[in-house]
Amino acid sequence: MTDAPHLLYTVTDAAACITINREARKNALSPEAIALFHDHLDAAEADTSVRCVLIRGAGLRAFCTGADLGSAIKTDGDALPTALAYARLLHRLYSFPKPTVAMIRGYCLAGGMGLMLACDMVLADDKSRFGTPEVNVGLFPMMIGALIFRNVPRKKAMEMILTGRMIEADEALSMGLVTALHPAESLETETRDLLSLLAGKSPIGLRLGKEAFASVETLPFDKAVDSLAQALTRVIATQDAAEGLKAFMEKRTPEFTGT
């Protein structure tokens with residue numbers, strides 16, 4: 001373990017920021033980083049002042065380039081504990097009750113793609129690059145497969161996975177890998193504006209909505225609609241919904257309390 005933490009955690013203006021802090025290793029994920037991710041997400045969920053979460057990489061070269069092959073995966077040992085910890089992290093991010101945003105600069109590869117895809121929204125530098133190069137070293141992007149087909153058409157995803165081809169930013173946008181592209185000089189501002197927008201929404205409304213959507217993802221249409229109708233009644237019963245409707249009628253900005 002080095003003196004510098006592998007992840008940094010800060011809270012600014014109702015947004016928690018988790019920064020992968022391994023710039024010299026192109027922000028590759030170590031077992032320590034994965035463990036810290038779980039700790040920081042727990043902190044962000046418990047902190048009522050946090051309305052949304054940003055995930056980013058230190059520096060300009062990479063968001064995250066996947067597992068640190070020198071420490072996270074050892075072919076002569078048991079890789080299962082690290083793989084399962086990473087799998088739990090993807091599940092934690094994908095089902096996180098507060099909005100999550102990934103900000104991508106430079107490379108986003110392998111396990112970094114999993115982190116990105118597990119977030120609700122992704123803003124990227126228009127010169128960033130994406131890929132699943134595991135096939136080039138005899139591996140395969142296993143856990144990422146649980147997310148990639150929920151974001152990208154199967155044929156395009158399989159081309160990327162089977163060839164290990166690098167994807168340019170504009171192609172990533174057209175495939176649905178990212179939400180929006182911005183020039184490097186405006187990416188920070190655009191990201192902060194999005195976080196500010198999210199922070200102004202009802203926390204309980206967003207949480208109930210995200211939970212409801214996740215619960216119906218694999219249900220047949222009729223069951224999904226019925227379940228979402230029930231979820232709507234729970235949202236309507238919140239104080240935030242009452243405040244939002246009152247503010248709408250009074251033509252003012254609502255003041256949400258998260259109840």
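Trainee: Is Asp13 buried or exposed?
Mentor: Asp13 counts as exposed, because its relative accessibility is 70%. Buried means under 20% relative accessible area, exposed over 50%, and partly exposed in between, with a 1.4 Å probe and protein chains only. Note that this is a predicted model: local features need pLDDT of at least 70, side-chain atom pairs count only at pLDDT 80 or more, and totals for chains, interfaces and linings use all residues. Residues are numbered from 1 along each chain as its sequence is written, and side-chain values use heavy atoms, with hydrogens and water left out.

Trainee: Where is Asp13 found?
Mentor: In the loop between S1 and S2. Helices (H or I, at least four residues) and strands (E, at least two) are DSSP runs, numbered from the N terminus. S1 and S2 form a hairpin with two residues between them, and Asp13 has a phi near 50°, a positive value in a residue other than glycine.

Trainee: How do strands S1 and S2 pair?
Mentor: Strand S1 (residues 7-12) and strand S2 (residues 15-20) are antiparallel, with six bridges. Two strands pair if DSSP finds at least two bridges between them. Val11 has Ala16 in S2 as its bridge partner.

Trainee: What about the phi of Asn27?
Mentor: Asn27 has a positive phi of about 55° and is not a glycine either. Asn27 sits in the loop between S2 and H1. With a relative accessible area of 1%, Asn27 is buried.

Trainee: Switching to the sheet with S8 in it. What is the strand order?
Mentor: The order is S4-S6-S8-S9, an open sheet of four strands with mixed pairing. Strand S4 (62-64) and strand S9 (167-168) are the edge strands, each pairing on one side only. S8 and S9 run antiparallel and are joined by two bridges. Phe130 stands opposite Ile167 in S9.

Trainee: Which salt bridge does Arg129 form?
Mentor: One with Glu168, where the closest N and O atoms are 3.2 Å apart. Arg129 is in strand S8 and Glu168 in strand S9, so the pair ties together parts that are 39 residues apart in sequence. Arg129 is partly exposed at 27% relative accessible area, and Glu168 is partly exposed at 36%. A salt bridge here is a side-chain nitrogen of Lys or Arg within 4 Å of a carboxyl oxygen of Asp or Glu.

Trainee: How many salt bridges does the structure hold?
Mentor: It holds 17. One of them joins the side chains of Asp42 and Arg92 at 2.9 Å, N to O. That pair links distant parts of the chain, with Asp42 in helix H1 and Arg92 in helix H2 (residues 80-94), 50 residues apart. Asp42 is partly exposed at 42% relative accessibility, whereas Arg92 is buried at 18%.

Trainee: And where do Glu159 and Lys156 lie?
Mentor: Both are in helix H5 (residues 154-163), three residues apart, about one turn of the helix. Salt bridges that share partners join Lys156, Glu159, Arg165 and Glu171 into one network. The side chains of Glu159 and Lys156 meet at 3.3 Å, N to O.

Trainee: What does Met116 touch?
Mentor: Not counting residues up to four places away in sequence, its contacts include Phe63, Ile104, Phe130 and Leu177. Contact means heavy atoms within 4.5 Å.

Trainee: Why is helix H3 described as largely enclosed?
Mentor: Because eight of the eight residues of helix H3 (residues 111-118) are buried. Among them are Gly111, Leu115 and Met116.

Trainee: Last one. Where does Leu206 lie, and what does it touch?
Mentor: Leu206 lies in helix H8 (residues 203-215). Leu206 touches Pro97, Pro99, Leu198 and Lys201, leaving out residues up to four places away in sequence. At 27% relative accessibility, Leu206 counts as partly exposed.
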